[in-house]
Protein chains: 2
Amino acid sequence: MMRLTCCCSALLLILIPTACQGGNILVFPTEGSHWINMDILLAALHSRGHNISIVRSNTSWYIKENYPNYKTITVQTEKTLDQEFITKAVHELIEFERGAVPLTSFLYMAVGMFDKFIEAHSSVGKFVSAMLDDKELMRDLKDSKFDLVLTDPCWGGGVILAKYLNLPLVYNVRWLIPEEAHFAIAPSPISYIPITGSGNSDKMSFLQRVKNMILHLVTQTQKSLLVTQVYQKICDKYLGPENDFYQLVLDADIWLMRVDFVFDYPRPTMPNAVYMGGFQCKPAKPLPQHLEEFVQSSAEHGVIIMSLGTFIGELPVDIVNEIAAAFAKLPQKVIWRYKGDKPAALGNNTLLIDWMPQNDLLGHSKIKLFVAHGGTNGVQEAIYHGVPVVGLPVFFDQYDNLLRLQVRGAAKILTLATVDKEDNFLKALQEVLTEPSYRTNMQRLSRLHRDQPLTPLDNALFWIEFVMRHKGAPHLKSESYRMPWYSYHSVDVVLFLTGVVLFLLFIIFIFIRCLCTALCKRKVKND
Amino acid sequence: MMRLTCCCSALLLILIPTACQGGNILVFPTEGSHWINMDILLAALHSRGHNISIVRSNTSWYIKENYPNYKTITVQTEKTLDQEFITKAVHELIEFERGAVPLTSFLYMAVGMFDKFIEAHSSVGKFVSAMLDDKELMRDLKDSKFDLVLTDPCWGGGVILAKYLNLPLVYNVRWLIPEEAHFAIAPSPISYIPITGSGNSDKMSFLQRVKNMILHLVTQTQKSLLVTQVYQKICDKYLGPENDFYQLVLDADIWLMRVDFVFDYPRPTMPNAVYMGGFQCKPAKPLPQHLEEFVQSSAEHGVIIMSLGTFIGELPVDIVNEIAAAFAKLPQKVIWRYKGDKPAALGNNTLLIDWMPQNDLLGHSKIKLFVAHGGTNGVQEAIYHGVPVVGLPVFFDQYDNLLRLQVRGAAKILTLATVDKEDNFLKALQEVLTEPSYRTNMQRLSRLHRDQPLTPLDNALFWIEFVMRHKGAPHLKSESYRMPWYSYHSVDVVLFLTGVVLFLLFIIFIFIRCLCTALCKRKVKND
């Protein structure tokens with residue numbers, strides 16, 4: 001196919017209707033890093049002329065009170081989710097993981113931390129109740145004639161709000177805590193679709209499939225507990241008991257999935273799932289002068305960048321020193337996003353900074369390697385720019401995200417339990433830097449990811465505006481969500497048909513027996 | 001959302017890489033009306049600079065020997081599928097349907113006509129064998145360095161050819177005879193996905209679900225027989241017995257589905273399924289002068305058009321006369337695509353023609369109603385132009401296609417068994433002409449269908465060229481196709497876990513029993 005190498009590009013003109021007067025969008029976001037994603041989508045919607053109103057709590061952690069381009073609606077409530085809560089959970093988890101047998105950590109995440117999930121969602125529940133109790137606010141929202149509710153259903157408030165206001169519903173989604181969103185919307189055979197936290201890929205051994213099944217049962221139990229203990233109670237009180245919360249969740253018009261099938265394993269999907277993985281990625285801008293000079297000073301060796309994301313303040317001191325010592329032994333320059341005391345073993349080649357323009361660095365030609373914790377944003381940016389990864393996952397989906405790169409030969413993962421042993425970190429860095437296949441594989445993923453007819457962000461905007469133009473997308477919602485489980489799985493039909501077959505066999509048996517008896521009698525008579 | 005009514009359009013520029021030197025595409029089409037669809041796709045590929053080579057039989061019915069823009073590769077073989085074969089089958093079916101109890105016709109289609117399916121596919125099998133036996137031809141094909149095989153897998157030859165030449169594979173597909181293509185590629189709960197021929201929609205009663213299940217079992221048996229009796233034998237001989245034909249079918253890179261979710265019911269799908277339903281539709285061109293004059297002569301009443309497609313030569317005379325008499329009673333003008341003797345009851349308002357520019361007529365503002373047999377092409381064109389339908393289905397998927405319009409309030413179906421009774425046809429025409437909801441609903445479907453970021457044809461072209469650029473699309477093929485059924489359905493895992501639970505229960509039971517015995521003994525001793 002070298003003959004097909006593109007020597008020019010054709011401009012394909014596509015007519016997308018523009019909302020001249022702008023739509024009216026009500027947003028119910030999820031806190032923390034989820035807000036960072038949502039903000040990018042909202043900025044793009046604003047730039048297309050839509051009005052954005054955001055529901056937040058007065059104790060909100062990431063979502064501010066004032067934005068130049070958005071209206072905020074503040075609900076007075078107790079704290080929902082904050083730095084302290086996350087830091088405490090992370091530190092507990094790191095302590096556990098460092099001492100744990102690998103196979104048990106997924107169960108610790110699933111069972112040991114479940115009370116934290118319930119606690120977090122209960123505080124969301126209080127926030128939602130406070131909002132729905134505020135009659136004046138709800139009247140104002142009804143009068144505002146919104147066109148749709150846009151929500152991250154990791155928190156269930158937006159779903160309830162959309163039903164209360166009787167509005168079309170669009171998700172910006174990856175998680176329906178505690179499960180990955182696909183498990184709710186599409187058939188998901190447990191035999192090749194790994195449960196998050198299992199550490200499995202889509203190719204599993206028998207024992208991995210057993211582990212996957214156990215974790216699936218645990219997750220389904222969690223989901224059921226979470227729904228009944230928190231969200232169904234709110235539904236019963238404010239929407240009436242005829243509303244099943246989980247059916248409302250499934251009834252969204254469009255699911256804007258924050259993945260694509262370059263990142264994720266291929267699996268069944270649904271017509272109203274729209275893939276916008278990597279929608280936050282964009283071409284690199286020039287670096288600030290001091291960073292550009294530092295990067296250029298690396299000469300032919302190039303630069304390593306390291307960031308463990310927004311949630312993780314500090315790693316344990318011994319791990320930090322191991323990392324610093326490993327960096328010091330390399331000829332590359334290193335830019336490390338780091339908060340805390342300067343590590344004792346820090347080398348001259350390493351620059352510690354509070355914040356870095358990650359996307360612009362990843363898009364710089366000198367960057368050879370990205371040391372990342374495996375948050376979805378960072379992994380997508382690494383794919384977009386084609387930079388191979390050494391992964392240091394800490395919690396949630398991070399190991400599983402990085403595994404998607406590792407099985408494609410584009411990353412190497414170290415766990416917190418092994419990173420500080422036997423020069424593991426140094427060896428991993430050297431391997432990814434010197435073995436060309438890591439870079440080749442990552443750049444292949446990058447080419448696949450970028451080869452789409454629409455950018456993921458344009459695709460997302462198209463479908464949000466589609467829902468506005470057509471007041472929903474009911475033609476894309478499958479009938480399955482409205483069926484009881486026994487009908488959906490054809491249990492009643494199979495029982496009925498089995499009954500019919502057994503009845504027929506019984507009749508035939510009786511008939512043959514009568515025939516035999518009659519024949520025998522005749523034979524006896526004849527004898 | 002009236003505020004969102006579009007007052008202008010934004011031009012979205014999308015960069016699609018162009019193949020300057022053109023790709024090299026080997027086409028293995030299916031005969032008959034399937035070729036009409038394929039030809040449209042090939043013409044578009046040719047206009048983008050690709051070279052097209054088509055494998056055909058010297059007895060081919062629709063596929064000619066010479067085309068200005070395509071190269072043809074002719075294989076000497078017996079006849080494959082022809083007008084005589086189809087006409088005979090259709091007449092048998094019509095005779096059966098007119099006398100049949102409605103519930104039995106689906107079984108007649110499935111079981112009574114199965115020998116015809118086997119006969120047709122056996123002749124395809126001979127064609128494929130003749131092709132693979134021609135060593136010189138196969139060497140030429142190998143030397144031609146094709147970039148991919150494009151096939152309609154309704155006939156299995158293209159799949160075997162692609163494997164033989166070790167080339168990427170793209171489908172232009174709706175049927176993997178005898179099943180709808182989705183049933184092969186994606187999970188398909190029988191509880192809400194109607195089997196073609198069942199006459200069910202996606203909302204089924206209990207008895208409809210029973211019928212659906214029975215027909216599903218029949219179809220799966222047919223599939224299994226067809227594969228083992230025809231295609232697996234060819235695989236064994238030419239590719240080696242380690243190649244399972246059905247796994248090769250599932251291993252295609254991209255499935256260009258000739259449906260979309262305005263036409264079809266929403267259902268699970270897969271990442272490598274690309275929807276190009278209605279790719280053949282285009283804006284209407286002006287009519288030839290004599291037709292334009294006839295259409296304009298209808299004044300405010302408008303025009304009805306009728307066509308029963310390419311396959312059906314003639315209906316029984318009594319039905320034809322009933323139709324002509326009904327048309328004669330209407331104030332509208334009628335254009336009827338009709339071959340055969342002039343019906344005795346023909347009115348002055350009805351124009352009989354051999355062939356009509358169906359797309360241009362459907363796009364004319366004077367056309368009020370389309371009397372159609374329900375072939376996919378006609379139904380898609382009706383949706384595209386928003387013209388309501390009175391349906392007269394004859395065989396295959398036609399009833400099911402029309403039902404998709406009827407359940408959305410955009411069509412009314414008559415069966416051959418009832419069309420000539422009690423003025424049914426006239427009443428149906430009058431109902432659809434006078435009840436505005438038919439037109440409103442069809443125009444809503446038209447708006448939904450046209451509101452896509454890419455035209456269906458551009459989408460199809462993008463993905464064909466994607467496969468050329470990346471030499472396949474393995475990242476979109478799920479792992480499920482490579483698993484044995486018991487692993488895929490987790491049967492082994494469930495048995496294992498059940499065994500473990502039973503074993504644990506047994507241990508607990510034994511322990512409790514020992515404990516009880518010990519306690520009893522101690523009690524007896526104490527007593």
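Me: Contact means that heavy atoms lie within 4.5 Å. Which residues of α13(B) and α16(B) meet?

Reply: Q380(B), A382(B), I383(B), Y384(B) and H385(B) in α13(B) meet M442(B), L445(B), S446(B), H449(B) and R450(B) in α16(B). This is a predicted model, in which local features need pLDDT of at least 70 and side-chain atom pairs count only at pLDDT 80 or more, while totals for chains, interfaces and linings use all residues. Residues are numbered from 1 along each chain as its sequence is written, chains are lettered from A and ligands numbered from 1 in the order in which they are written, and side-chain values use heavy atoms, leaving out hydrogens and water.

Me: What makes α13(B) roughly perpendicular to α16(B)?

Reply: The helices, residues 376-385 and 436-450 of chain B, pack at an angle of about 95° with their axes 6 Å apart. Roughly perpendicular covers 65 to 115 degrees (under 35 is roughly parallel, over 145 roughly antiparallel, the rest oblique), so α13(B) counts as roughly perpendicular to α16(B). Axes here are lines fitted to C-alpha atoms, for helices over the stretch in contact, and angles run from 0 to 180 degrees between N-to-C directions. Helices are DSSP runs of H or I with at least four residues, strands are runs of E with at least two, and numbering starts at the N terminus.

Me: How many nonpolar, polar and charged residues does the contact of α13(B) with α16(B) have?

Reply: There are five nonpolar, four polar and one charged. Ala, Val, Leu, Ile, Met, Phe, Trp, Tyr, Cys and Pro count as nonpolar, Asp, Glu, Lys and Arg as charged, and the others, Gly among them, as polar.

Me: What makes K223(A) and E179(A) a salt bridge?

Reply: A salt bridge needs a side-chain nitrogen of Lys or Arg within 4 Å of a carboxyl oxygen of Asp or Glu. The closest N and O atoms of K223(A) and E179(A) are 3.1 Å apart, so the pair qualifies under that rule. K223(A) sits in helix α8 and E179(A) in strand β8 of chain A, 44 residues apart. By this rule the count comes to 28 salt bridges over all chains.

Me: Why does K477(B) count as buried, and why is D251(B) called partly exposed?

Reply: Buried means under 20% relative accessible area, exposed means over 50%, and partly exposed lies in between (1.4 Å probe, protein chains only). K477(B) is at 11%, so it counts as buried. D251(B) has 33%, and is therefore partly exposed. Their side chains meet in a salt bridge at 3.5 Å, N to O, although the two residues are 226 apart in chain B.

Me: How do you know that Q232(A) is buried?

Reply: The relative accessible area of Q232(A) is 14%, which means buried. Q232(A) lies in helix α8 of chain A and, not counting residues up to four places away in sequence, touches V227(A), N243(A), D244(A) and F245(A).

Me: How do you know that β11 and β14 of chain B pair?

Reply: Two strands pair if DSSP finds at least two bridges between them. Strands β11 (303-307) and β14 (367-372) have five, in the parallel sense, so they pair. One of the bridges joins V303(B) to I367(B). Both strands belong to an open sheet of six, ordered β13-β12-β11-β14-β15-β16. Its edge strands are β13 and β16, each pairing on one side only.
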